[in-house]
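Have the coordinates open and follow along.

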Amino acid sequence: MPQSGSHLKVTARQVTMAMNSMQHTGVLAALVLVGGLSVSASAGDQHAIQVRANYGVYWAGLHLGDVQLAMSVGGSDYTMTGEGRFSMLGGLLYNWHGDTSSRGNLTKDSPKPSLYALSYSGGDKKTDLRISFSDGAVSEVSISPKKRPSPHNIPVTGEQLRGVLDPMTGAFLHARPDLPKADLRVCNEKIPVFDGQMRFDIVLHPRRQERIKANPGAGYSGLAAVCGVKFQPLSGYRPDDRGVKFMIAHTDEIEAWLVPMPGTGLYLPYRISVPTAFGSGQAQLLSFQVNGSKEIRAEQ
């Protein structure tokens, strides 16, 4: 886990630019508003699965903030909510708060979101975003305050908005075969995402297995499937955007560690690492709870 960066000098601008860089990877919810879930249970399961998870978010060795995730999968329906708070120097240097939610339907092939919402505020800025879906495609995007699209952006086409997922569903929920014990095949996936402005793909690929060890009774221990994560922007951004260009150049440095949840068909990210121009960003699972059971610590 990252250690305190007491000797690191940072500015509010550097923190903001680093957070924007992490957002461009499509894991905004992973590093800013949660981690991610993979579901191997069939869409027809009638008993609801409920998961709560807590993450610490770190940047350049500094503990930037914490995230809480709640998820419920019952029958063919799913709901997810997340809340994140981030600050530095008690909020004097940097202060950010966000809430996000997603709901939809699980099918045999993939999730189908129906509504995604994101509300966040930082400094003197506040943004509310809603994306509605119908028949597997984006049907409406609402953002407040309204932003005029840049004429320099690569246009998002109607075809690119079909069969896409919102950022939360894209990062957290995928129907997969039953793959226990951190089978590396959980890393074989291409995730199409639309965040309200930008259309991009997140491509997972297998790298290796890692064993997480903990003292007996002290927390989670077991295998983790380590996935490489490639960021592939398609449209809705400026070709000369420095954050996007940086992420493309450093996409081989993004990793996600996925661990199976005991007694369920779920995989939960144990760790997600993302490079930024001002230091490495990381989300680390701190604890989780499944179906109301005892909370399990997950610190390494």
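Begin in the loop that joins strand E7 (125-134) to E8, where you will find Asp 135. Please keep in mind that the model you are looking at is predicted. Although Asp 135 is not a glycine, its phi is positive, at about 55°. Is Asp 135 buried or exposed? Its relative accessibility is 72%, and because the cut-off for exposed is over 50%, Asp 135 counts as exposed.

Now move along to Ala 182, in the loop between H3 and strand E9 (189-194).

The peptide bond leading from Ser 144 into Pro 145 is cis, with omega near -5°. For context, most peptide bonds are trans.

Next, turn to the side chains. How many aromatic pairs does the structure hold? There are two. One of them brings together Phe 200 and Phe 231, whose ring centres are 5.8 Å apart, with 55° between the planes, and this pair is tilted. It links distant parts of the chain, 31 residues apart: Phe 200 belongs to strand E10 (residues 199-212) and Phe 231 to strand E11 (residues 222-235). Both of these phenylalanines are buried. A ring of another kind takes part in a contact with a charge: Arg 271 lies over the face of Trp 257, 4.5 Å from the ring centre.

On to strand E3 (residues 62-74), which includes Gly 74. This glycine is partly exposed, with a relative accessible area of 24%. Gly 74 and Gln 50 are separated by 24 residues in sequence, and their C-alpha atoms lie 8.6 Å apart in space.

Finally, step back to the whole protein. It contains four helices and 15 strands. Of its 300 residues, 48% count as buried. Among contacts with a separation of 6 or more, 60% come from residues 24 or more positions apart. The accessible surface comes to about 14,300 Å², and carbon and sulfur atoms account for 50% of that area.

Terms used
Residues are numbered from 1 along each chain as its sequence is written. This is a predicted model: local features need pLDDT of at least 70, side-chain atom pairs count only at pLDDT 80 or more; totals for chains, interfaces and linings use all residues. Side-chain values use heavy atoms; hydrogens and water are left out. Rings of Phe, Tyr and Trp (its six-membered ring) pair if their centres lie within 6.5 Å; planes under 30 degrees apart count as stacked, over 60 as edge-to-face and the rest as tilted. Helices (H or I, at least four residues) and strands (E, at least two) are DSSP runs, numbered from the N terminus. Buried means under 20% relative accessible area, exposed over 50%, partly exposed in between (1.4 Å probe, protein chains only). A charge sits over a ring if NZ of Lys or CZ of Arg is within 6 Å of the ring centre and within 35 degrees of the ring normal. Contact means heavy atoms within 4.5 Å. Accessible areas come from the Shrake-Rupley method with a 1.4 Å probe; for residues, only the protein chains shown count as cover.
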